[in-house]
Amino acid sequence: MYADTRPVGRCPRCGTEITPERVIIRYERTDGEAMYATCPDCRDVVRPEPIVESTA
Ligand SMILES: [Zn+2]
């Protein structure tokens, strides 16, 4: 069975990576998909920020 455990984003407060099982809800916005998730460190609901892959 395949489980995608790649982080969906990063907590805007503490920078902790948010894994998919932390996601509460996803929804579509005009500028793209957005979501809410619980941060394991903040123990609060946050909106994960996209992880920008830096190859520089
Ligand atoms: Zn956090």
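1. Arg29 faces Gly32 of strand 4 across the sheet; strands are DSSP runs of E of at least two residues, numbered from the N terminus. Six bridges connect strand 3 with strand 4 (residues 32–39), and the two run antiparallel.

2. The model is a predicted one, in which local features need pLDDT of at least 70 and side-chain atom pairs count only at pLDDT 80 or more, while totals for chains, interfaces and linings use all residues. Residue numbering starts from 1 along each chain as its sequence is written.

3. The open sheet consists of three strands in the order 3-4-5 with antiparallel pairing, where pairing requires at least two DSSP bridges between two strands.

4. The largest nonpolar core has five residues: Cys11, Ile18, Ala37, Cys39 and Val46. Such a core is a set of buried Ala, Val, Leu, Ile, Met, Phe, Trp, Tyr and Cys residues joined through C-beta atoms within 7 Å; buried denotes 20 or more other C-beta atoms within 10 Å, exposed 12 or fewer, and partly exposed in between, with C-beta atoms placed from the backbone.

5. Beyond its neighbours within four places in sequence, Ala37 is in contact with Ile18, Arg22, Val23, Ile24, Val46 and Pro48. Contact requires C-beta atoms, placed from the backbone, within 7 Å.

6. Thr16 belongs to the loop between strand 1 (9–10) and strand 2 (17–18). Thr16 is classed as partly exposed because 17 C-beta neighbours lie inside 10 Å. Its C-alpha is 9.0 Å from that of Cys42, 26 residues apart in sequence.

Definitions and conventions:
Helices (H or I, at least four residues) and strands (E, at least two) are DSSP runs, numbered from the N terminus. Two residues are in contact if their C-beta atoms, placed from the backbone, lie within 7 Å.
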